[in-house]
Amino acid sequence: MSVGRRQSVAFFITPGASLKAVAIALNVGWIILNWREVALLVFGIVFFLLIIFGLVINTTFLIREIRRNEQHDAFINAVTHELKTPLTSIRLYLQTLKTRDLSESQRQDFYNVMLADNDRLLQTVEQVLRAGSTGQRRRRINRTIVDVPEMVTECLDVARTRYNLGPESLSYKESLDGQPARVAGDAEELRAVFSNLLDNAVKYSDKSVQLSVEVAAIDEKRVAVRIADHGIGIPATQLKRIFKRFYRVPGRFMARVKGTGLGLFIVRSVIEKHGGRVFAESEGPGQGSTFTIQLPRA
């Protein structure tokens, strides 16, 4: 760099540095002369920030409590409906059987309807009781060796009978590595998990029921069960919330399907207690959904 350029740069740097030094000196002098006012100002700013932080925390917990109360009220209403509807139906059919002369075929139809209502009532009661038991962290699991493909096929047969599904509505396949797909767990709880997911897949199918179920080996230590449907799908923002207690996805079709908001909460609680994980996948509304359960092999 030439001497002229150096002098030109120095000419602009020197006043800038001098002005900065003067500004710093003035600020330090003002602080020294007015240290009480500065201390009060700093204290006021800190106190104001603490108040804002407290308001944010209080508002956050208030919103959570409001949502929890709304979910609790929705749960009470749903359980009341799920208990009252089958009881009213059973009472109506019993009164009809008592007061009217019916043919044997009509009686058998009435008996079948009442048995179905009784199963629905029993399922609701068991779901509520199971939700309470799964919430107990110290509860022990009655572990036995469970053959996953065998249990899944049993649950498929039950769902096919319960909802009168044809063979084209359900497809099942196994993608195993030649090793037994067995897990150590509570057979009744795992059966409830698979049945719950199958029931949801049928209920939330929009027009026609088309389910595909697969039992696959992830690796030597884990086995997966995938239940996919072509139903109404799940918004991406709801994929993690659906496993919360009492939570139900908002929407018109969702509102038509009655439920307690406990099914997927029970599924997650049971699977986590068995050392596994469960998650949902969906391309969005109208694109169907897939629920995947991963469990450690025995």
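Biologist: How many bridges pair β4 with strand β5 (residues 222-229)?
Modeller: Helices (H or I, at least four residues) and strands (E, at least two) are DSSP runs, numbered from the N terminus. Two strands pair if DSSP finds at least two bridges between them. β4 and β5 pair in the antiparallel sense, and the bridges number seven.

Biologist: What kind of model is this?
Modeller: Residues are numbered from 1 along each chain as its sequence is written, and side-chain values use heavy atoms, with hydrogens and water left out. Local features need pLDDT of at least 70, side-chain atom pairs count only at pLDDT 80 or more, and totals for chains, interfaces and linings use all residues: this is a predicted model.

Biologist: Which residue in β5 is the bridge partner of Ser212?
Modeller: A hairpin of four residues joins β4 to β5. Across this pair, Ser212 has its bridge partner in β5. That partner is Ala228.

Biologist: Which residue in β4 is the bridge partner of Tyr172?
Modeller: Strand β2 (residues 170-175) runs parallel to β4, joined by six bridges. Tyr172 has its bridge partner in β4. The partner is Val213.

Biologist: Why is strand β4 (residues 211-217) largely enclosed by the rest of the structure?
Modeller: Buried means under 20% relative accessible area, exposed over 50%, partly exposed in between (1.4 Å probe, protein chains only). β4 is largely enclosed because, of its seven residues, the number buried is five.

Biologist: What is the relative accessible area of Ala224?
Modeller: Ala224 is found in strand β5. Contact means heavy atoms within 4.5 Å. Not counting residues up to four places away in sequence, Ala224 touches residues including Glu214, Val215 and Ile293. Ala224 is buried, and its relative accessible area is 0%.

Biologist: How far apart in space are Ala224 and Arg277?
Modeller: In sequence, 53 residues separate Ala224 and Arg277. In space, C-alpha to C-alpha, the distance is 9.6 Å.

Biologist: What is the relative accessible area of Ile51?
Modeller: Ile51 has its place in helix α2 (residues 35-99). Ile51 is partly exposed, with a value of 39%.

Biologist: How many helices are in the protein chain?
Modeller: Read along the sequence, the pattern is α-α-α-β-α-β-β-α-β-β-α-α-β-β. There are seven strands, and the helices number seven.

Biologist: What share of the 298 residues of the protein chain counts as buried?
Modeller: The chain has 298 residues. The share that counts as buried is 34%.
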